[in-house]
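This report looks at aromatic contacts in a predicted model. A pair of aromatic rings is described by the distance of the centres and the angle of the planes.

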Amino acid sequence: MQRRYTPLTNNQWKVIKQFLNWKRKRKLNLRVVFNAILYVTRTGVQWRNLSQTRFPAW
């Protein structure tokens with residue numbers, strides 16, 4: 001069991017990527033957004049308080 005937040009590995013991202021719609025143009029990288037969601041759920045920090053250097057702005 002992990003106690004700390006760790007970003008997605010390449011293998012984990014390959015599995016998740018299969019369920020996403022890639023045909024649509026996006027402004028943000030979905031992997032970064034997904035990592036931010038995991039960070040919020042793991043640490044309990046508010047979305048507005050995320051580090052702007054690692055994650056996209058709210």
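Tyr39 counts as partly exposed, with a relative accessibility of 21%.

A search of the whole structure finds four aromatic pairs. In one of them, the ring centres of Tyr5 and Tyr39 are 5.0 Å apart. Their planes stand at 90 degrees, so this pair is edge-to-face. The two residues are 34 residues apart, and the pair links distant parts of the chain. Tyr5 sits in the segment before helix H1 (10-17). Tyr39 belongs to helix H2 (residues 30-43).

## Tyr5 and Phe55

Tyr5 is buried, at a relative accessible area of 15%. Its ring also pairs with that of Phe55: the centres are 6.4 Å apart and the planes are at 65 degrees. Edge-to-face requires an angle over 60 degrees, so this pair is edge-to-face.

Phe55 lies in the segment after H2, while Tyr5 lies in the segment before H1. The pair therefore ties together parts that are 50 residues apart in sequence. Phe55 is buried, as is Tyr5.

## One cluster

Which residues form one aromatic cluster? They are Tyr5, Tyr39 and Phe55. Tyr5 takes part in the pair with Tyr39 and in the pair with Phe55.

## A charge over a ring

Trp58 has a contact of another kind. Arg48 lies over the face of the Trp58 ring, at 4.0 Å from the ring centre.

Technical notes: Residues numbered from 1 in each chain as written. Predicted model: local features only at pLDDT ≥ 70, side-chain atom pairs only at ≥ 80, totals over all residues. Heavy atoms only, no water. Phe/Tyr/Trp six-rings, centres within 6.5 Å; stacked < 30°, edge-to-face > 60°. Helix = DSSP H or I, 4+ residues; strand = E, 2+ residues; numbered from the N terminus. Buried < 20%, exposed > 50% of the residue type's maximum accessible area, 1.4 Å probe, protein only. Lys NZ or Arg CZ within 6 Å of the ring centre and 35° of its normal.
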